[in-house]
Amino acid sequence: MTDRIELVQNAAGRMVPALANGKPQIPYLGVGQYEPHGRKAAPPVRSSKDYPENGDKRVADLEAALRNCGLRDGMVISNHHHLRDGDSVALMALQAAARIGVKDLMWFPSASFPSQKGAIELMEAGTIHHIEGSMNGPLGEYATQGKMRGMGVLRSHGGRWQAIQDGEVHIDVAVIAAPTADAFGNADGSHGKSACGSLGFALADSIYADRVIVVTDHLVAFPCIPWQIQGNHVDFVVEVPSIGDPAKIVSGTTQITRSPDRLRIAEFVACFLRDAGIMRDGFSFQAGAGGIALAFVDYLRRLMKESGVKARFVRGGSTKYLVELLQEGLTDYILDGQTFDLDGVKSIAGDPRHVATSPFTSYNYHGKGNFASMVDAVVLGATEVDVNFNANVVTHSDGRLLHGIGGWQNCLAAKCTILAVPSFRDRIPVIVDEVTTLTGPGELIDVVATERGIAINPRRQDLIDALKGSNLPIRPIQDIKAEVERICGGKPARPKLGDRPVAVVKWVDGTVLDAVWQIG
Amino acid sequence: MATEETKKRVCCAEAGRWGQDVRSDLHVALEPRDRGGVEITLESRVSLYYGDSIRGQTCQVLESLGVRHVKISIHDEGALPFVIAARIETAVKRAGLGNEIKSLPEKVALSAPSRRDRLRRSRLYLPGSEPKYFINAGLHGPDAIILDLEDSVHPAEKDSARILVRNALRAVEFGACERMVRINQLPLGLQDLAEVIPESPDVVLIPKVEHPGQVAEVDRMIGELKTRSGINRPIWIMPIVESALGIENAFAIASVSSNVCAITIGLEDYTADLGVVKTSDGRESFYARAKLVNAARAAGVQAIDSVFSDVGDMDGLRRWGENSRAMGFEGMGCLHPAQIRVIHETFAPSPAEIDKALKIVAAFEEAQQKGLAVVSLGSKMIDPPVVERARNLVARANQMGKA
């Protein structure tokens, strides 16, 4: 990585690497500008004659399973992150690979978590060459400091599906943690002691990987019902005492923020949906599991009751607040990408109106449409947003990796995209002249709601008109920015970023939207 | 100044707080020396963005306080400039330097002077030593904010809070809120007044008042300080009665000066004085509160209720507020912004009340026009006090934007 990396300027004016991990990259061309071509990738054709007729695909342990899969140097090994910070399976698999003695793996998780910092040792030891997937905490620090041998590739959930499907990333071995499974490999996330709800993030891996291993701590006799992962894709099943720490897989209860400022933002957003006429019978919305988003759902629920309005569907990350909507008849369905708390897990396991979705149905841009663009309003967070409504969600304003992209980029396709953010954090203004790392193009971001007022993107004259009679504090974004800079004692200095890219940020179509630069 | 003595008292000093859980504050450690100029060590979670700004401000504050040679070590947790200035000034004064000099932050425009009878439904308490609560307090729309120097401030931090509150009165935009300061009991409260009055608070709350003389003394002091600082907008006084004796003297206290705008009660101390348990329906303080309302009315000032301290119990707050309004109070205190809306709702007249009052006023005006001596609505005769009450109610509802 000492060679100079050639940079090109993309349509957003950002300098991005022309090559990442030896693969030529297409610089971002603008929203909807890139035309994909070719056919989808596919795993090799297999034959039933090579699999046990009794359906029992169990092997002794992960090491044996990985050997049977033919794991070799330089291969790609994948995991899903439904067990979040409680996951044990990813590290278990990577450590088993280290024991086998393979080197230079590309680890391809759907997201990584701080508890997986053991991957750093495996990178130092040479087992892992680099990670393509979200990195935060210690892994983010490691990558930002330029210590990883390869380049990080950050993709949205939909972008990960797109990359697998388009053949941009070929998974050699997928290791899927399953809270419940049978010996044939059918797997389900909503039952068992390590229940996590949906298993949607593992679906692409199960379909497109050359080899698939299911790891479970709750083996049931065939058939495992329901099967979110089909055993017909699975090569081996491994039983282990525990796939993770249940306390960290889902929270017992998700907490609404108690900060009065954040509650104010949440209420603004709920009222915005009402006053804009978005909250009407049969509408739909999506909000995450952050403190503001949860409070938003709670406020919106009150407004929906007041006006007697019902949603047709809401998109999860599900929490007890969405579950309450469902139970009170305020929505017909929850379409759930991931399940954050015990109420969510219980609901998805028992209520047929609470449906597990995957990045294919919800987010994949290279498909025949997806759900994200059908959602009436989505409420998201951001670390920074600029005066042209471009936003950053992957790095701190100092350029260090902070969050994965998650479904954030994909959600920007909603009919009304609202960023709900405090106007400053620790004296650092959130509205800036230019974002450190471009993660979302401003043309897709319609509203920025802060505790000091709500800014509507001038491109959305329809929303500006709709809000004309509203009591909400609608203000130009420059106005809010100027006020915050006055409070904070002037514009913040721009941190100096390095000149070596350590990661690329992909757009939903696989083009490169921006780069993350080495620091320190 | 006795320079010999001042020199002797110069020492190392600290001010402010830092740590993982601290937000929007900073810790300053100061080591005065004879030569070598100013040496700054800075650790800050925002140093990348505001490091140079903090260093620059530190030099400027020290210079304005006449401090030339000092080692200063700052742990900053994202404090805003008015807080940085206050903490450095506190450390400098604790070190025995910068006597009689203030380092004042840039001043924001003051809102219009406060009227004696303005709406005072809610007043949000802000502990005077917690700057993180100041900055957005006005956004939540209480009728007033109270920068508290009394019970929420540790005795060892009175000097520090006094400077911080003074800077907040200058530099923080509290929007349409009335800016109140609760001073300490006299004589400590006199030092508070000296620091804050030049920054034109709208109302001074005096705690634990038992005699009219205490109010008169504060009133006199405020008058002197106003003259000295050239302030000609009103600074009202709100005595807080917190004992049995105070309640018995409520009328004398409320009527001692035309600068008194309202009188209020502190129930924690009052129930402690009585030796009874404070309950959520307030049985034990019924007499005191009723007497206070009566005294206030007799003195022509507003009667304002205590706080409801269970900030999680909105139903309890609503019941308390409704009862409080029914007794004749015009507002109450709040400890959390979430209480503001409920309080505003409970102290607002109901649509039915407003409707009836509007009809009475209309009937009165019609009778006036027709030159009739008797006002009637439907088959009912309306007495003059009823008309008066209806007019007051409509006026209040207008202030609240309800009518």
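**View 1. Chain A is assigned two domains.** In this predicted model, domain 1 of chain A covers 54-132 + 169-249 and domain 2 covers 260-496. These bounds come from an automatic or database domain assignment. The centres of domain 1 and domain 2 of chain A, taken over C-alpha atoms, are separated by 32 Å. Contact between the two involves 13 residues of domain 1 and 14 residues of domain 2 of chain A. Two residues count as in contact if their C-beta atoms, placed from the backbone, lie within 7 Å. The side of domain 1 of chain A that touches domain 2 has six nonpolar, seven polar and no charged residues. Here Ala, Val, Leu, Ile, Met, Phe, Trp, Tyr, Cys and Pro count as nonpolar, Asp, Glu, Lys and Arg as charged, and the others, Gly among them, as polar.

Numbering and letters follow the written order: residues from 1 along each chain, chains from A and ligands from 1. As the model is predicted, local features need pLDDT of at least 70 and side-chain atom pairs count only at pLDDT 80 or more, while totals for chains, interfaces and linings use all residues.

**View 2. Chain A as a whole has the radius of gyration of a compact globule.** For 520 residues, such a globule would have a radius of gyration near 24 Å; chain A has 23 Å, which agrees. The radius is taken over C-alpha atoms, and the globule rule is 2.2 Å times the number of residues to the power 0.38. The C-alpha trace of chain A spans about 70 × 55 × 40 Å along its principal axes. Chain A holds 15 helices and 29 strands. Helices (H or I, at least four residues) and strands (E, at least two) are DSSP runs, numbered from the N terminus. Of the 520 residues of chain A, 58% are buried. Buried means that 20 or more other C-beta atoms lie within 10 Å of the residue's own; exposed means 12 or fewer, and partly exposed lies in between, with C-beta atoms placed from the backbone. Among contacts in chain A between residues at least 6 apart in sequence, 72% join residues at least 24 apart.

**View 3. Three strands of chain A form an open sheet.** The order is β21-β20-β25, with mixed pairing. Strands pair if DSSP finds at least two bridges between them. β21 (391-392) and β25 (431-432) of chain A are the edge strands, each pairing on one side only. Strand β20 (residues 384-386) of chain A runs parallel to β25(A), with two bridges between them. A:V385 has A:I431 in β25(A) as its bridge partner.

**View 4. A hairpin links β26(A) to β27(A).** Strands β26 (residues 447-450) and β27 (residues 453-456) of chain A run antiparallel and share four bridges. One bridge pairs A:A449 with A:I454 of β27(A).

**View 5. A helix packs on the four-stranded sheet of chain B.** This open sheet has the order β1-β2-β4-β3, with mixed pairing. β1 (13-16) and β3 (38-44) of chain B stand at the edges with a single partner strand each, so one side of each has no neighbour in the sheet. From one strand to the next, the twist averages 10°. Seven bridges join the antiparallel strands β2 (residues 26-32) and β4 (residues 70-76) of chain B. B:A29 has B:S73 in β4(B) as its bridge partner. Helix α2(B) touches β3 and β4 of chain B, and its direction makes about 145° with that of β3(B). Axes are lines fitted to C-alpha atoms, for helices over the stretch in contact; angles run from 0 to 180 degrees between N-to-C directions.

**View 6. Helix α2(B) also takes part in the contact between the chains.** The contact takes 17 residues from chain B and 16 residues from chain A. Helix α2 (residues 47-64) gives five residues, the largest share of the chain B side. That side has 10 nonpolar, four polar and three charged residues. Buried residues of α2(B) include B:Y49, B:Y50, B:S53 and B:I54. Their cover includes β24 (428-429) of chain A together with β3, β4 and α3 (81-94) of chain B.

View 7. Most residues other than glycine have a negative phi, and most peptide bonds are trans. A:R427 sits in the loop between β23 (424-425) and β24 of chain A. A:R427 counts as buried because it has 28 C-beta neighbours inside 10 Å. B:E100 counts as exposed, with 7 C-beta neighbours inside 10 Å.
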